[in-house]
Amino acid sequence: WTPQLIAMAGGTHPLNPPKPDSTGAGNSFAVKSEQVTALDPDVVILCPCGLDIQATERETELLLQAPAGAWFPALRAVR
């Protein structure tokens, strides 16, 4: 459902766009940090499905500390 929300906001999910028939996007999947850094995103949306708030906070902190992510404009802004 995240790709559809991004599309409704006028954007495009670069790794998992919604299907042309509007029935949803493909299944969620893991991506390598290099795939994300190559996109140089302005915005990063975290969707921690199945995690409680403590696990979400831990995972977010790991992401913010990742060397590859240090130069993401979106992560520097932390908005």
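The accessible surface of the protein chain comes to about 6000 Å², and 59% of this area belongs to carbon and sulfur atoms. The model is predicted. Of the 79 residues in the chain, 19% are buried.

A nonpolar patch on this surface is formed by Trp 1, Leu 5 and Met 8, which together have about 420 Å² of accessible area. Met 8 is placed in helix 1. Its relative accessibility is 67%, and because exposed residues are those over 50%, Met 8 counts as exposed.

As to secondary structure, the protein chain contains four helices and zero strands, and the pattern read along the sequence is α-α-α-α. Among contacts between residues at least 6 apart in sequence, 39% join residues at least 24 apart.

| Residue | Relative accessibility | Class |
|---|---|---|
| Ile 6 | 17% | buried |
| Ser 33 | 40% | partly exposed |
| Met 8 | 67% | exposed |

Ile 6 is found in helix 1. The relative accessibility of Ile 6 is 17%, so this residue counts as buried, the limit being under 20%. When neighbours within four places in sequence are left aside, Ile 6 is in contact with Gly 11, Thr 12, His 13 and Ile 45.

His 13, one of the contacts of Ile 6, lies in the loop between helix 1 (2-8) and helix 2 (33-39). Not counting residues up to four places away in sequence, His 13 touches Pro 3 and Ile 6.

Ser 33 lies in helix 2. With a relative accessible area of 40%, Ser 33 is partly exposed. Ser 33 and Leu 63 are 30 residues apart in sequence, and their C-alpha atoms are 9.7 Å apart in space.

Helix 3 spans residues 53-65 and has 13 residues. From the first C-alpha to the last, helix 3 reaches 18 Å, close to the 18 Å expected at 1.5 Å a residue. The N-terminal end of helix 3 is capped by Asp 52, a side-chain oxygen of which lies 3.2 Å from the backbone nitrogen of Gln 54.

Key:
Residues numbered from 1 in each chain as written. Predicted model: local features only at pLDDT ≥ 70, side-chain atom pairs only at ≥ 80, totals over all residues. Heavy atoms only, no water. Helix = DSSP H or I, 4+ residues; strand = E, 2+ residues; numbered from the N terminus. Buried < 20%, exposed > 50% of the residue type's maximum accessible area, 1.4 Å probe, protein only. Contact = heavy atoms within 4.5 Å. Areas by Shrake-Rupley, 256 points an atom, 1.4 Å probe, with all protein chains shown as cover. Expected span 1.5 Å × (residues − 1). Polar contact = N/O pair within 3.5 Å; in protein donor to acceptor, adjacent residues only side chain to side chain. Patch = residues over 30% accessible without salt bridge, like charges linked within 9 Å, V, L, I, M, F, W, Y side chains within 5 Å. Salt bridge = Lys/Arg side-chain N within 4 Å of Asp/Glu carboxyl O.
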